[in-house]
Amino acid sequence: MILTKSLEQFGRYCVFMRRTFALPDRWSVFGRRTVTEISKLGIDSIPLVIIISLFIGAVCTIQMKLNTTNPLMPAYSVGLATRDIVLLEFSNSILCLILAGKVGSNIASEIGTMRVTEQIDALDIMGVNSANYLVLPKVVGFVLFMPVLGVFCIGTSLLGGWCVAAFTDIISIARYTYGIQAYFTEWYVWYGLIKSLVFAFIIASVASYWGYYVKGGALQVGKASTNAVVSSSILILLFDVILTKLLLQ
Amino acid sequence: MIEVKNVTKSFDDKTILHDVSAKFYTGKTNLIIGQSGSGKTVLMKSIIGLVRPEQGEILYDGRNLLDMKERQVKELRKEIGMLFQGSALFDSETVLGNVMFPLMMFTGMSRAEQLDRARFCLERVNLQGAENKYPSEISGGMQKRVAIARAIALNPRYLFCDEPNSGLDPKTSILIDELLHDITHEYNITTIINTHDMNSVLGIGENIIFLNKGHREWVGDKDKIFTTANEALNEFVFATRLFQEVKDYIIEHGQKG
């Protein structure tokens, strides 16, 4: 029963994506809407990304120091471990799980409200491809801006760790700075960016899907918003495993 | 003219429309009336193409909607204006932005021309001075007028209105009815209005189709509706307390006289 329902949902999602990835009726309108979505979904998320990254970076550094008390381990390994955690998991998977809550619920509730207030029907009756008009700018805008958020996240997390070194006596600034530069693997940055692009696509498209097919009223819009966050979070975790296996092993 | 021929539509096992046929004339206000659940909305959705009937024909000046390809339906929709029950204005756009929307999407007009046309449409519905307001900042009646302005922006050949008076006070309802009636005659549009408002029926009912339990039971105009022998229609017409009291008064005084 669950399998049948899941397959049905997946089929409907594919049809929805086919409609979404049609050529826009007006490229100028599409361009304008994409810029608006970058501002709404991307730029507006920067403060949240900065706050979370700063604190998580600081906490990572403290915990690394507290949990690596072995005298054989060099002190700079705190910085090194913090950097790798941020590059490999935090700046993409964990950040996207957080953004699935903010951006995903925003998209699902916006499109869901448009559905229940017949605004999507109005677009369809005018002859506008509503899925393409509403969803494509969101997907493209968010996917384009996600690497920028990832870079912000990496920078601020490492800054959070630096603050711990600067304002506490847990680790010296010199050792922390040396640690975040030691044994640097460039591929980890690309790996993180590739993952964040895939996750951004999942968040924007899955949330749009749930919003687009809302039936009923305000209560159903709320449910769609919850479904959007839950399903995109699960898909992010699933694709995290798949991409890690494919890209790192 | 729009002609509906033998349209049948079911949802699951329940048949909502039974072999319905009707003609909607150009330059006339055509009303679909009936109680809630009679199939009015399904009939209108079938005519617009939001719902696909199992059988029948829907002819737009001879062109069968059900035989059209996706591209042809898209082209046809550019000839259609629609006024939704809840107005369905885009929240993120101003009043002017809403009226300009179809012009921006479907015409090669310059921005100045779009502005001129949008302002003309807003003037036509007596709504000057609200151009820069958002839908949430204006009244329900004004929202309906903006929706009418948006619907006529592309000079449609067909205008559909789903319960245009719902949620409006009687005075504003009459204004909206008169506006729809005037626009229909002025631009020679085929207008189809889905309503259960008797004021609208008596005010602008030039061609009335009465639906009862999914069957087309009566066709006529506002002058014939009070003299019909159709029981279901009589029940519908005299369902309001006001009409019932007027009827009782006439019967009582008629007997005395």
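1. Conventions. This is a predicted model, in which local features need pLDDT of at least 70 and side-chain atom pairs count only at pLDDT 80 or more, while totals for chains, interfaces and linings use all residues. Residues are numbered from 1 along each chain as its sequence is written, chains are lettered from A and ligands numbered from 1 in the order in which they are written, and side-chain values use heavy atoms, with hydrogens and water left out.

2. Overall form of chain B. Chain B has nine helices and ten strands; helices (H or I, at least four residues) and strands (E, at least two) are DSSP runs, numbered from the N terminus. Its radius of gyration is 19 Å, close to the 18 Å that the globule rule gives for 257 residues, so chain B is as compact as a globular protein of that length. That radius is taken over C-alpha atoms, and the rule is 2.2 Å times the number of residues to the power 0.38. Along the principal axes, the C-alpha atoms of chain B fill a box of roughly 65 × 45 × 30 Å.

3. Burial and surface. Of the 257 residues in chain B, 53% are buried, where buried means under 20% relative accessible area, exposed over 50%, and partly exposed in between (1.4 Å probe, protein chains only). The accessible surface of chain B is about 12,300 Å², and carbon and sulfur atoms account for 47% of that surface. Accessible areas come from the Shrake-Rupley method with a 1.4 Å probe; for residues, only the protein chains shown count as cover.

4. The six-stranded sheet. In chain B, six strands form an open sheet in the order E6-E7-E8-E3-E9-E10, with mixed pairing; two strands pair if DSSP finds at least two bridges between them. Strand E6 (80–83) and strand E10 (215–220) of chain B stand at the edges with a single partner strand each, so one side of each is left without a neighbour in the sheet. From one strand to the next, the twist averages 15°. Within this sheet, E3 (residues 29–33) and E8 (residues 190–195) of chain B run parallel and share five bridges; B:Ile32 stands opposite B:Asn194 there.

5. The four-stranded sheet. A further open sheet in chain B has four strands in the order E2-E1-E4-E5, paired antiparallel. Its edge strands, E2 and E5 of chain B, each pair on one side only. Helix H1 (residues 40–48) of chain B packs on this sheet and touches E1, E2 and E4 of chain B, its direction making about 65° with that of E2(B). Axes are lines fitted to C-alpha atoms, for helices over the stretch in contact, and angles run from 0 to 180 degrees between N-to-C directions. Contact means heavy atoms within 4.5 Å.

6. Pairing around E4. Strand E1 (residues 2–11) and strand E4 (residues 55–60) of chain B are antiparallel over five bridges, and B:Val4 has B:Ile58 as its bridge partner. E4(B) is also joined by two bridges to the antiparallel strand E5 (residues 63–64) of chain B, with B:Tyr60 opposite B:Arg63. E4(B) and E5(B) make a hairpin with two residues between them, and B:Asp61 in the turn has a positive phi of about 45°.

7. Other positive phi values. Most residues other than glycine have a negative phi. B:Asp19, not a glycine, has a positive phi of about 50°. B:Asp19 lies in strand E2 (residues 14–24) of chain B and is partly exposed, at 45% relative accessibility. B:Asn188 has a positive phi near 55° and is found in the loop between helix H6 (170–187) and E8 of chain B.

8. A buried cysteine. Where does B:Cys121 sit? B:Cys121 is in helix H4 (residues 111–124) of chain B and is buried, with a relative accessible area of 1%. Leaving aside neighbours within four places in sequence, B:Cys121 is in contact with B:Val99, B:Ala149, B:Ile152 and B:Ala153.

9. The contact between chains. Chain A gives 17 residues to the contact and chain B gives 22 residues. The area buried between the two chains is about 1,800 Å², with 65% from carbon and sulfur atoms. Buried area is the accessible area (1.4 Å probe) that two parts lose on being put together, summed over both. A:Arg26, A:Ile125 and A:Met126 supply 38% of the area that chain A buries against chain B, more than any other three residues.
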